[in-house]
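Let's go through the charged pairs and one of the helices, question by question.

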Amino acid sequence: MMHTELIDQEDLRERLIALGFSVPSGATAEQACEYAVTGLCPERALALRHMVEDILAGSATVLPTVREAISRTLLPALVPRS
């Protein structure tokens with residue numbers, strides 16, 4: 001039987017922690033994204049951008065709450081400013 005990877009709010013939180021972001025246990029996907037964009041520097045923004053690209057382009061199933069949090073919080077914060 002083949003299992004599909006599932007990205008839920010805990011997986012998102014763990015990925016952010018692995019990148020060095022401080023996200024408290026029990027944080028929702030929306031809260032985790034808000035913690036990640038607080039005080040975002042260029043280096044961390046690049047790491048975050050790669051993580052988002054990997055999640056959205058991968059074959060894993062992304063839960064709707066996680067996809068919405070990424071779309072509402074992370075993507076706007078990662079748009080290059082001129």
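A salt bridge here is a side-chain nitrogen of Lys or Arg within 4 Å of a carboxyl oxygen of Asp or Glu. This is a predicted model, where local features need pLDDT of at least 70, side-chain atom pairs count only at pLDDT 80 or more, and totals for chains, interfaces and linings use all residues. Residues are numbered from 1 along each chain as its sequence is written, and side-chain values use heavy atoms, with hydrogens and water left out.

Q: How many salt bridges does the structure hold?
A: E5, D11 and R15 are tied together in a network of them. R13 also pairs with E10. The total comes to five.

Q: Is R13 buried or exposed?
A: Buried means under 20% relative accessible area, exposed over 50%, and partly exposed in between (1.4 Å probe, protein chains only). R13 has 11% relative accessibility, so R13 counts as buried.

Q: Where does α4 bend by about 35°?
A: The bend at a residue is the angle between axes fitted to the seven residues ending there and the seven starting there. Helix α4 covers residues 64-78. By that angle, α4 bends at S71.

Definitions and conventions
Helices (H or I, at least four residues) and strands (E, at least two) are DSSP runs, numbered from the N terminus. The expected span of a helix is 1.5 Å times one less than its number of residues.
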